[in-house]
Structures are given as C-alpha cells and as structure tokens.
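Biologist: I'd like to learn how to read pockets and sheets in a model. Can we go through one together?

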Amino acid sequence: MPVRDAVFEDIEEICALIEEHAVYEDNHDLKLDRAEMSGHLFGPDPKAWVLIATPPGEPGTVAGFAFCSWNFSTWEARPGIWLDDLFVRPAYRRHGLGGELLDELRNRTTGRVEWDMQEGNEKGEAFYAQLGAEPVPGWIRYRWRP
C-alpha cells in the first residue's frame, strides 16, 4: 500500500516533512520539538493523526504525508476530517501520492474533508480541481493566536 497510518517510530520523518514543507514555503525558522509532537500524535490523548505515503516499490521510504484531525459539522450531523498539511517531497511528485493520500481521507469519513490553501498556489489549485475539490465561496477564516 502506498498509504499507511503513521506509527510512533515515524515521528522523526513526520517532523522532518513538516520542516521541509516550511522551507518549501520559505519559512526557514521552523524547528519542531520531536517529543512534544510525539505526545500530540501518539500520547494518551492524541490531538491529530498522520497518513504516510510511500513510493511504489520502496516500502521503507517516506515520500509524503497528510496531517489531520477530526472535525464535526453540526449542519451535516457527522464527523469530517480537517487536513492541516499535505506535503509530498519534490522528488516523489507526479507519482499520484498526493491523490492517494486524499483518497484515503475521503474513504475514512462520510462527512467533509476540508483544508486551507495559500492564495496564489496555482499548482495546488489545479491539482485539487483535477480531483474534483472546490473552493468554498463566502467564508472567511478567523483565528486567535496564543
């Protein structure tokens, strides 16, 4: 299978992928605390979960990931998935791994799968449109920061 659930032993790769994605987005300062992230993902009260993508024929190689948490829609009265981060290392793009990750998310819920994307990401827009995803008009995201 090119997509699998992450396990505790994947924490270094998960954090490395997040940091690589940050660099790809021109944030060179992000350095994650592996122990803290491990607690959030694999501790007694996990707050998120991760899917790992492996390239065909390379089961020991981590090519990308989807970092997710559950959400709930009151109007649909069912849980869905919030995709916080989707990243495939550049060397493994064009192998369908991003699509495989998203397909697996869609298979895990009868609710919505939702995510944000930075404005101006034309490649991302084309990729998501090809999969049948649509932007959500009329909504503005708000955020409180600690």
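Modeller: On a 1 Å grid over the protein atoms alone, a pocket is an open set of points with protein on both sides within 12 Å along at least five of seven lines, and lining residues have an atom within 4 Å of a point. Points are joined across faces, edges and corners, and a volume is the space filled by probe spheres set on them. This is a predicted model, where local features need pLDDT of at least 70, side-chain atom pairs count only at pLDDT 80 or more, and totals for chains, interfaces and linings use all residues. Residues are numbered from 1 along each chain as its sequence is written, and side-chain values use heavy atoms, without hydrogens and water.

Biologist: How much space lies in the second largest pocket?

Modeller: About 1,300 Å³. Its lining has 28 residues, with Glu 114, Trp 115, Glu 134, Pro 135 and Val 136 nearest the centre.

Biologist: And what volume has the largest pocket?

Modeller: About 1,800 Å³. It is lined by 44 residues, and His 21, Glu 25, Asp 85, Leu 86 and Asn 121 lie nearest its centre. Strand S4 gives the largest share of that lining, 7 residues. Strands here are DSSP runs (E, at least two residues), numbered from the N terminus.

Biologist: In which order do the strands of the sheet come?

Modeller: Two strands pair if DSSP finds at least two bridges between them. Here 5 strands form an open, mixed sheet, ordered S1-S2-S3-S4-S5. Its edge strands, S1 (3-5) and S5 (113-115), each pair on one side only. S1 runs antiparallel to S2 (residues 49-53), joined by 3 bridges, and Arg 4 stands opposite Ile 52 in S2.

Conventions:
Helix = DSSP H or I, 4+ residues; strand = E, 2+ residues; numbered from the N terminus. 1 Å grid on protein atoms, 1.4 Å probe; cavity = no way out; pocket = protein on both sides within 12 Å on 5 of 7 lines; lining within 4 Å.
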